[in-house]
Amino acid sequence: IMDKYVINKLDLNSKLALFYEVVNNLGYHNSLEPLINDIINNYDVEDLSLNDKYAIFGVLYQINYTQGIIKIGKSLLLNHYDGELTEVDTQKYIADILLESMGTDQFIMFCEKTFKQHKIEGLLYSLINAYQLNSNYEKALNTLDTWINDNPDNKRMINKRIKVLENSSIQ
């Protein structure tokens, strides 16, 4: 039924409605995987609204669907941080989930590449935590110094720098 009728005959909005309805009323079941794979892999996630992305991201996180978490999480941060997603704590929440889902080394590579074009404060906060997980306090401090040099009034990152210094002296 899923392949014959749902995947092949419904448009994206109908698939999203079905996905939300099933998850909200019945919970997750592995029979939803073809639908999730179809939504994640056969549609441009950039066509989804911020609300749809955020809702899908939350469900994917609850069911630990790593591939989708990473794809939607990156899209949320990269395409909305300077518009609809300016709240740093929300950016940090998404970035923390990406760190958990990607693993430390892959997350660090993603962040270092991202920061060449995008300055996402919530992502930076999680990047500094990732450096500390790898005991790379020098890299954490250098990254913070660059940010603070460009944003000298950013109290959050100044305080983060103090914490990194404290953590590095404990090690």
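A residue counts as buried when its relative accessible area is under 20%, and as exposed when that area is over 50%. The exercises below apply these words to a predicted model.

**Exercise 1.** Find how many aromatic pairs the whole structure holds, and describe the pair formed by Phe107 and Phe110.

*Solution.* A search of the whole structure gives 2 aromatic pairs. In one of them, Phe19 and Tyr20 are tilted, with 5.7 Å centre to centre and 50° between the planes. Phe19 counts as buried because its relative accessibility is 2%, and Tyr20 counts as buried because its value is 19%, where the cut-off is under 20%. Turning to Phe107 and Phe110, their pair is also tilted, with 6.5 Å centre to centre and 50° between the planes. Both of these residues belong to helix α7 (residues 104–114), where they are 3 residues apart, about one turn of the helix, and both are buried.

**Exercise 2.** Determine on which side of helix α9 the buried residues lie, and what they pack against.

*Solution.* Begin with the helix itself: α9 (residues 137–150) has 14 residues and reaches 20 Å from its first C-alpha to its last, close to the 20 Å expected at 1.5 Å a residue. Next, list its buried residues, which are Tyr137, Ala140, Leu141, Thr143, Leu144, Trp147 and Ile148. These residues cover an arc of only 165° around the axis, and therefore they lie on the same side of α9. On the other side of α9, Glu138, Thr146, Asn149 and Asp150 are exposed. Finally, the buried residues of α9 pack against α8 (121–133) and α10 (155–170).

Note on methods
Residues numbered from 1 in each chain as written. Predicted model: local features only at pLDDT ≥ 70, side-chain atom pairs only at ≥ 80, totals over all residues. Heavy atoms only, no water. Phe/Tyr/Trp six-rings, centres within 6.5 Å; stacked < 30°, edge-to-face > 60°. Buried < 20%, exposed > 50% of the residue type's maximum accessible area, 1.4 Å probe, protein only. Helix = DSSP H or I, 4+ residues; strand = E, 2+ residues; numbered from the N terminus. Expected span 1.5 Å × (residues − 1). Arc of directions from axis to C-beta. Contact = heavy atoms within 4.5 Å.
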